[in-house]
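Have a look at it first.

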Amino acid sequence: MAGGAVVNTGGGKDYPGKLTMFVLFACIVAATGGLIFGYDIGISGGVTSMNPFLIKFFPGVYRQEQEAERNQSNQYCKFDSQLLTIFTSSLYLAALVASFFAATVTRVAGRKWSMFAGGVTFLVGAALNGAANNLLMLILGRVLLGIGVGFANQSVPVYLSEMAPARLRGMLNIGFQQMITLGILCANLINYGTAKIKGGWGWRVSLALAAVPAAIIAIGSLFLPDTPNSLIDRGYTDEAKRMLRRVRGTDDVEEEYGDLVAASDESKLVAHPWRNILQRRYRPQLVFAVAIPFFQQLTGINVIMFYAPVLFKTLGFADDASLMSAVITGLVNVFATSVSIVTVDRLGRRKLFLQGGAQMLACQIVVGALIGAKFGFSGVADIPKGYATFVVLFICAYVAGFAWSWGPLGWLVPSEIFPLEIRSAGQSITVSVNMFCTFIIAQAFLPMLCRLKFMLFFFFGAWVLVMTLFVAFFLPETKNVPIEEMVLVWKSHWYWSRFIRDEDVHVGAGVQMHSNGKIQAAKLNV
């Protein structure tokens, strides 16, 4: 079919080996790098809905909110504040810049030290935020948190994809997204508890407790092994072979080791990965390095997760009820992500993308219509509790659709498509685009909510339609394909094959060149 993948995903090269406890433990520890990102997403929206926090740092927003409550005025605009959005989004700008430095650290020093740097920096930021006495201190802490997120998000998905056996790469990589969702849920539960603390200092506890996930990844990374790919790339070939035997649980690693060495030799010919990634043969990877994180943010998910308490407060829920609603969406997020862990290596990436996209689109249309029917364009209405609960139900269905599609796959697919020579640069582009789009959405959401009103949900719904069609036509299936053979997937795709010449394919003994000039993998059905 014109839009589908041409590759039969029944199997890539099947290297000997099994999922060892050593690999499973290493992947679980590495995946905890997602906790810091998730915790921050969840905690930000919660503390910005706490009145003591608003009174101390954003008194104008607090007065605006109180005025809206007294006068029953426009509910869409009561949280619209540039200072408030700078607080939320400063982290993502810092993460964007940090991801470029993290690429160098990840390549030169190894993946684990990039994770360590992220954990330590996030720890310092958490301490600053918890002790903040003025807005400058608060935003400086946010910037340090952002640097930590930039380093962790750059290194963790790459580490997981390199450590995992090809047939289980999806499951183990999605551990990162699962930790993000657990971080969000923990933050929502903590906000729910700290909002009840008498004396108005609960927000300090919420912000300072970010030190816990930071300490987990910082300390955990010290015990992580380096990936065989990274060891080979840095010249430790004997150690790499020993590590490969250990992670695969077998001595029969010659074929995989040979492919890794070939990939490393190819990568050493590339002196400037940032310049090389612009070459025509890397066009498919570059497009997806930009498109996937761009589309992921335009699903509107971070709008829901950042501002879930604020959004539910706008819908008329009381303070703690709005935080409880955020806890409910957090639970849905965790359980739905578990669905993708179980299904991603069986159903494949494309089916989850397409089903999740259809579900999110339907939910956004319904939520927009429900909110529009009550608030209209005036933003003034009393919403019955049953009606508001119905809105939350569809928001939960939307979160579930995201959590088993664009949530985990937005990190998995970019981390598995890059050849070694441009992998660090490619992952940096993915992280920086993700953070830039998150920054823009965080900056723009409250003003857009104020101006577009309920039409904002239709705005994001239109983008979900675009991205679902993009996946349907242009994303090949990547399940079960070893990372170092991924070029075969692009070479056999109906559209991307035009960018890749036969001489650009170097994947070792598993590839045959046929007399008609077509590439074929001995163990990859093309």
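What you're looking at is a predicted model, and its protein chain has 24 helices and 2 strands. Of the 526 residues in that chain, 62% are buried. Take the contacts between residues at least 6 apart in sequence: 80% of them join residues at least 24 apart.

How far can you trust it? The mean pLDDT of the protein chain is 82, and 83% of its residues reach 70 or more. Two stretches to keep an eye on are these:

| Stretch | pLDDT | Contacts in the model |
|---|---|---|
| Residues 1–12 | under 50 | 36 contacts beyond four places in sequence |
| Residues 509–526 | below 50 | 39 contacts beyond near neighbours in sequence |

Now for the surface spot. Val-97, Phe-100, Phe-101 and Trp-274 make up a nonpolar patch on the surface, and together they have about 390 Å² of accessible area. Which helix gives the most to the nonpolar patch? That's helix 5, spanning residues 82–108, with 3 residues. Phe-101 sits in this helix 5. Is Phe-101 buried or exposed? Its relative accessible area is 57%, and exposed means over 50%, so Phe-101 counts as exposed.

Definitions and conventions
Residues are numbered from 1 along each chain as its sequence is written. This is a predicted model: local features need pLDDT of at least 70, side-chain atom pairs count only at pLDDT 80 or more; totals for chains, interfaces and linings use all residues. Side-chain values use heavy atoms; hydrogens and water are left out. Helices (H or I, at least four residues) and strands (E, at least two) are DSSP runs, numbered from the N terminus. Buried means under 20% relative accessible area, exposed over 50%, partly exposed in between (1.4 Å probe, protein chains only). Contact means heavy atoms within 4.5 Å. pLDDT is the predictor's confidence in each residue, from 0 to 100. Patches are made of residues with over 30% relative accessible area and no salt bridge: like charges are joined within 9 Å, nonpolar side chains (Val, Leu, Ile, Met, Phe, Trp, Tyr) within 5 Å. Accessible areas come from the Shrake-Rupley method with a 1.4 Å probe; for residues, only the protein chains shown count as cover. A salt bridge is a side-chain nitrogen of Lys or Arg within 4 Å of a carboxyl oxygen of Asp or Glu.
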